[in-house]
Amino acid sequence: MHHVIIGAGPAAVSAAEHIKKLDARSEVTMLAAEDVPPYSRMAIPYYLVGNIKQEGTYLRKNADHFEKLGITVKHARASAINPQAKSVALSGGDSIGYDKLLVATGATATKPPIPGIDLEGVYNCWSLADAHKIIEKATPGSDVVLMGAGFIGCIILESLAARKVNLTVIEMENRMVSRMTNRTMGTMIKDWCVDKGIKVLTSTKVDRIDAGDGQAFAVTTNTGDKIPADLVICATGVRSNTAFLDGSGINIDMGVVVDDYMQTSVDDIYAAGDVAQGKDFSTGDYYVQAIQPTAVEHGKVAAQSMVYGNVQANPGNVNMNVLDTVGLISTSFGMWMGVDGGEESELVDKDNYRYLNLQFKDDVLVGASSLGMTQHVGVMRGLIQTKAPLGEWKDKLMENPTRLSEAYLAGAQAQHQNNTA
Amino acid sequence: MTTPKTLILDADKCTSCLQCEMACSLEHEGLFSPAFSRIKVFEFEHGKRSIPYTCTQCEEAWCMQVCPTKAISVNSELGTKVVDESLCVGCKVCTMACPYGTINYNTRSGKVTKCDLCGGDPKCAEVCPTDAITYGVAT
Ligand SMILES: Cc1cc2nc3c(=O)[nH]c(=O)nc-3n(C[C@H](O)[C@H](O)[C@H](O)COP(=O)(O)OP(=O)(O)OC[C@H]3O[C@@H](n4cnc5c(N)ncnc54)[C@H](O)[C@@H]3O)c2cc1C
Ligand code: SF4
């Protein structure tokens, strides 16, 4: 059985290793478009800061890791697939045949269509190649404009601040990380950044970028500001890498549409990770979550289906994020924005930058978000995913949400006693 | 394969003396500071009931699977999931992925910490005066 995996990111590596674990005799080939060993985009910010070398971003540390497992890493870009012939065309002109195929091509950062966006010196921060260019230009004291303060933007923000650049962040929305914060929490994150000397312009759009005198650009906003910049980084959005699937007959919406077995609309072709529109645990809808934990979990489910057939359904992946914004740690889980007919418990401590918000449906935790919390944050996922009824603890949490770990443990103990009784 | 030994936690015997937290933070951080302990005692009903709580070295190893830099690996002899601080970048993804909340970010080191059974000689079990924490094969 030959399993071909297009991609070499976390989803691909997770799938490849699980396939080998489930069926040691199968043949596994990973196609890697980038000319580096399989690496993790998530680790790029730490490479930018200089905490790790390029090798520190590699998903597996031993050079012969994949070879030892019998996984072939082939550096080639897939340009098209032919489901009838069960083959993948490679950009060099070759092709490779498969029995089962996994599309794990991830996503690509996009750029908004504004004048000057294609100037040299306006970069995304998505790949190791981008990181190399940014490291060269983001020197201490240089003027840097970061477009976009979404999740990825905020992660890069931290690294740029650590590089001691003169940073201006421009965000279209009325708050930072709107994908994981409500207005209160998003505003607290902004206040924190401003307090740390970072200029943050929310509800602001970049209208154009002009090559100025000498080296610097002028970044013009819709409010008429002209901001000088030696470097502009664009973190305004991403798009799933599906273009090469055009004409294959595979159903594509925001990403590759998959069922609960991670199979696409075409037999024997699966998809996982940032490219896949998979089931969301909380809503049951199919959605591109584009996060590391989901990429890894998708890879595992896909591997199971590719080896044993479509038998073990994915219950859906809990959407979750953790973010460190120049030292202020935030998390969000599941339906952090609440659900119809639900209730919320909120603790706001602006002076100490602490915030906790729990969302309930009846006595079940369905979502949560936090600021300034580092201990036992995982229990939020635990409670959401197990849908554990909180019983009397629901009222206690309505009164004081910080007793969450206690509530979790009380429930876990009760469960344990039931099981051993 | 023999079943590896684990920490056996008996909440009924725990008096909330916090010796375990002290021993843990001393062993791993070189200071007496329950805030940096990897085992945590939770008190209920104003101290009438206490529960010592830490990583069970679970089979699924959510933290290990999700880690983007392969900073967590299995010690095959002890069955522990161990963080290699030189590889951990401090991204905290494992802390939210672990549904038990037993791998936590350490603001001192900028990395994560979790129970590693002190390499096979867990100090919390050694100091616990009531045997609320023992180290052995779970039955
Ligand atoms: C700076 C940054 C910070 C991030 N921080 C976080 C974070 O803190 N938490 C979090 O949960 N997520 C974070 N993410 C998102 C996370 O990195 C992604 O969700 C994750 O990488 C998705 O994995 P994947 O395998 O689906 O895709 P990718 O990692 O994008 O991998 C796709 C792979 O496919 C290859 N490929 C693409 N097209 C082809 C082709 N045609 N042929 C062959 N190969 C191809 C690519 O080269 C790559 O190897 C971050 C992302 C970035 C950029
Ligand atoms: S915090 Fe460290 S151990 Fe945890 S997932 Fe990130 S790199 Fe891995």
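## Around ligand 2

The shell of ligand 2 divides into nine nonpolar residues, two polar and one charged; here Ala, Val, Leu, Ile, Met, Phe, Trp, Tyr, Cys and Pro count as nonpolar, Asp, Glu, Lys and Arg as charged, and the others, Gly among them, as polar. A residue belongs here if one of its heavy atoms lies within 4 Å of the molecule. Chain B supplies Cys residues B:Cys67, B:Cys88, B:Cys91 and B:Cys94, along with B:Pro68, B:Thr69, B:Ala71, B:Ile72, B:Val89, B:Gly90, B:Lys92 and B:Val112.

This is a predicted model, in which local features need pLDDT of at least 70 and side-chain atom pairs count only at pLDDT 80 or more, while totals for chains, interfaces and linings use all residues. Residues are numbered from 1 along each chain as its sequence is written, chains are lettered from A and ligands numbered from 1 in the order in which they are written, and side-chain values use heavy atoms, with hydrogens and water left out.

## Chain B as a whole

Chain B has four helices and eight strands, which follow one another from the N terminus as β-α-β-β-α-β-β-α-β-β-α-β. Helices (H or I, at least four residues) and strands (E, at least two) are DSSP runs, numbered from the N terminus.

Along its principal axes, the C-alpha trace of chain B spans about 40 × 40 × 25 Å.

## A sheet in chain A

Now to chain A, where five strands make an open antiparallel sheet in the order β22-β23-β26-β25-β24. Strands pair if DSSP finds at least two bridges between them. At the edges, β22 (320-325) and β24 (343-349) of chain A each pair on one side only. Strands β25 (residues 354-361) and β26 (residues 364-371) of chain A are joined by seven bridges in the antiparallel sense, with A:Asn357 opposite A:Ser369 in β26(A).

## A buried threonine

A:Thr168 sits in strand β11 (residues 166-170) of chain A and is buried, because its relative accessible area is 5%. Leaving aside residues up to four places away in sequence, A:Thr168 touches A:Val144, A:Val145, A:Leu146, A:Lys199, A:Leu201 and A:Ile227, contact being heavy atoms within 4.5 Å.

Note on methods
Buried < 20%, exposed > 50% of the residue type's maximum accessible area, 1.4 Å probe, protein only.
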